[in-house]
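The sequence and the structure come before the text.

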Amino acid sequence: DMERSGMEVSTAGDIVGEYRGSEKAGRKLQKGGPSMRLVFCGAAHEVTGSCHFLEVGPTKLLVDCGMEQGVNLYENLEPPVPYSEIQLVLLTHSHIDHVGMLPYIYARGFRGRIIATEATCDLCNIMLKDSAHIQETEAEWKNRKARRAGRPEVPPLYEMNDALGVLELFEPYKYGEIVKLDDQITVRFTDIGHLLGSASIEIWMKEGDVEKKIVFSGDIGNKNKPLIRDPSYTEEADYAVMESTYGNRYHKKGVNHVEDLARIIQETLDRGGNLVIPAFAVGRTQEILYFMRKIKEEKLIKGHDDFEVYVDSPLAVEATQVFTKNIMECYDEEAMDLVNRGINPIGFPGLKLSITSEDSKNINFDMTPKVIISAAGMCDAGRIRHHLKHNLWRPECTILFAGYQAVGTLGRSLLEGAQVVKLFGETIDVEAHIEKLDGISGHADMNGLITWVSAFKEKPSQVFLVHGDDDVCTSFAGLLHTDYGFETAAPFSGSVYDLAAGAWLKQTVGVPLRRETERQKENRTIFELLVAAGERLMRVIRKNRECANKDIKKFTADVNALCDKWDL
């Protein structure tokens with residue numbers, strides 16, 4: 001249809017070749033007039049890997065820089081300029097699928113400013129270091145196996161030094177604070193109720209005599225969640241970039257999470273087993289602790305009055321401290337009422353915090369029935385995999401899922417009825433009870449999404465649907481257009497929109513993801529670092545145009561010496 005209408009259509013690969021790192025190509029896309037472009041990079045027809053590139057005159061920025069998790073269908077376009085040329089990154093919240101590639105771009109030359117809410121900055125301080133530790137640990141584990149098999153080693157996606165370096169670039173701001181970042185960009189963060197510190201981002205853009213406003217919804221929160229506030233709404237925008245995770249589903253109504261959780265605990269402890277809960281360390285763990293406190297307070301468990309609850313995740317323990325630090329800025333009225341009465345909303349007798357590896361190992365040596373909360377929430381990394389190894393084969397135990405499980409993760413396999421799984425090279429029979437706590441999602445359902453977009457006093461010129469499964473992005477865009485009268489689009493990675501003119505510059509189609517061997521991945525990753533270093537060198541050279549002649553001569557000699565060394 002797009003071809004018949006005369007619109008230019010390409011694959012994501014085409015736009016990489018035409019536009020990446022090329023000022024000439026950028027001019028080719030729009031001759032004359034203000035430069036105000038939005039490029040869709042990640043979470044396009046996919047749920048994870050959120051990343052959007054925005055160019056307003058000389059200002060180049062990203063909104064989110066997330067890691068892909070689980071199985072993804074399509075190739076993702078990288079931003080159309082080297083990372084060293086990006087001046088700003090704006091963050092909606094601290095989940096890894098929105099921030100997890102920040103150390104990666106730091107390793108490739110990014111040295112700009114990272115703008116986020118105070119709580120998001122606090123959480124990223126622990127999330128990114130934890131992610132770097134996971135990258136290094138998993139690479140070392142793979143490389144031990146590779147050395148034994150005589151295969152080449154693979155580098156980690158990024159290292160701890162990259163995480164520590166990028167954390168130095170963070171700048172925290174409060175909800176509601178209007179911040180002028182430069183002559184082109186002014187922003188404001190609004191509480192979106194998804195996670196501690198989560199926000200939608202309003203961006204006022206100015207280039208020449210054109211002024212536009214775009215809103216990035218971030219992940220829109222579910223109402224009536226424990227601890228954090230309900231989502232707030234935005235009333236005015238020319239454009240909206242909106243998530244669509246649950247754009248085809250409704251959350252189950254009338255669910256009492258405390259009663260459901262109490263029932264599962266009671267049944268498991270009565271059987272003499274452990275209740276193992278894979279939970280995201282940030283957000284979901286704290287919600288479950290909130291429910292546990294109520295269960296303990298109301299004495300809902302009979303015959304096991306002193307049952308213990310272990311939080312086995314250093315990240316979750318640190319995140320819980322961040323929740324306590326951000327009480328005034330982020331807690332809802334119910335949680336604040338408890339705080340004002342001297343009650344810790346997420347603390348109770350029998351709560352045990354496991355920090356060291358030795359602490360973690362001892363949990364499964366003790367055969368007393370207990371509750372174990374551990375990360376990662378999708379069972380694709382972290383200490384939870386050790387607890388599954390020790391408990392999945394025991395019919396008296398229960399594995400309780402309390403969050404979204406992406407396609408391709410171990411958690412999704414267990415929920416879909418896998419009878420056998422492989423952990424640490426060992427085959428494990430699944431004999432434990434598999435349960436799911438319905439309706440505890442941190443994402444708004446279809447009604448919640450419609451409520452958010454319907455809050456605009458005047459409909460935005462265009463609503464772009466992202467952060468949803470392939471068919472969900474398309475179907476929800478159609479629903480908003482047909483039933484509610486919005487102009488909508490569900491762009492694939494590589495699509496480019498001219499925000500000044502209100503027109504597409506490029507619309508791509510999804511390119512199926514290519515599967516690489518470990519060797520191909522290693523070669524690509526290492527060479528990418530070299531290319532990124534070269535791009536950064538060129539940026540430094542251009543910055544030194546006005547230096548003293550003697551300094552330029554010395555710099556030239558250094559560069560030539562480096563070239564002589566490697567020009568073999």
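Asp-122 touches Val-322, Lys-325 and Asn-326, leaving out residues up to four places away in sequence; contact here means heavy atoms within 4.5 Å. Asp-122 is found in helix H5, where helices (H or I, at least four residues) and strands (E, at least two) are DSSP runs numbered from the N terminus. With a relative accessible area of 19%, Asp-122 is buried; buried means under 20% relative accessible area, exposed over 50% and partly exposed in between (1.4 Å probe, protein chains only). Ser-94 is 28 residues from Asp-122 in sequence, and the two lie 8.9 Å apart in space, C-alpha to C-alpha.

The model is predicted: local features need pLDDT of at least 70, side-chain atom pairs count only at pLDDT 80 or more, and totals for chains, interfaces and linings use all residues. Residues are numbered from 1 along each chain as its sequence is written, and side-chain values use heavy atoms, with hydrogens and water left out.

**Nonpolar cores**

A nonpolar core is a set of buried Ala, Val, Leu, Ile, Met, Phe, Trp, Tyr and Cys residues joined through side-chain atoms within 4.5 Å. The largest has 117 residues, of which Leu-102, Ile-203, Ile-214, Leu-261, Ile-265, Ile-277 and Met-292 touch the most other members. Helix H5 (residues 118–149) gives the most to this core, with 8 residues. Neighbours within four places in sequence aside, Ile-277 is in contact with Leu-261, Ile-288, Met-292, Val-371, Ile-372, Ile-373, Ser-374, Ile-384 and Leu-400.

**Aromatic rings**

A search of the whole structure finds 11 aromatic pairs. Rings of Phe, Tyr and Trp (its six-membered ring) pair if their centres lie within 6.5 Å; planes under 30 degrees apart count as stacked, over 60 as edge-to-face and the rest as tilted. The table gives two of the pairs.

| Pair | Centre distance | Plane angle | Class |
|---|---|---|---|
| Tyr-74 and Phe-492 | 5.3 Å | 90° | edge-to-face |
| Phe-464 and Trp-504 | 5.7 Å | 85° | edge-to-face |

Tyr-74 lies in the loop between strand E4 (59–65) and strand E5 (88–90), and Phe-492 in the loop between strand E22 (488–489) and strand E23 (496–498), so the pair ties together parts that are 418 residues apart in sequence. Both Tyr-74 and Phe-492 are buried. The other pair links distant parts of the chain, with Phe-464 in strand E21 (residues 462–466) and Trp-504 in strand E24 (residues 503–509), 40 residues apart. Phe-464 counts as buried at 0% relative accessibility, and Trp-504 counts as buried at 18%. Ring pairs also link Phe-464 and Trp-504 with Phe-40, Tyr-239 and Tyr-497 into a cluster.

A charge sits over a ring if NZ of Lys or CZ of Arg is within 6 Å of the ring centre and within 35 degrees of the ring normal. Arg-111 lies over the face of Tyr-106, at 3.7 Å from the ring centre. The charged end of Arg-385 sits over the ring of Phe-424, 6.0 Å from its centre.

**Cavities and pockets**

On a 1 Å grid over the protein atoms alone, a cavity is a set of points where a 1.4 Å probe fits but cannot get out, and a pocket is an open set with protein on both sides within 12 Å along at least five of seven lines; lining residues have an atom within 4 Å of a point. Grid points are joined across faces, edges and corners, and a volume is the space filled by probe spheres set on the points.

The structure holds 2 cavities of 30 Å³ or more. The largest cavity has a volume of about 90 Å³. Of its 15 lining residues, Ser-50, His-52, Asp-64, Gly-218 and Val-466 are the closest to its centre. E4 and strand E12 (239–243) are the elements that give two or more residues to this lining.

The second largest pocket holds about 750 Å³ of space. It is lined by 35 residues, with Asn-222, Lys-223, Asn-224, Lys-225 and His-257 nearest its centre. H8 supplies the largest share of this lining, 4 residues.

**Backbone details**

Asn-224 has a positive phi of about 60° although it is not a glycine, and counts as exposed at 68% relative accessibility. His-467 also has a positive phi, about 55°, but is buried, with a relative accessible area of 2%. The peptide bond from Ala-375 to Ala-376 is cis, with omega near 10°.
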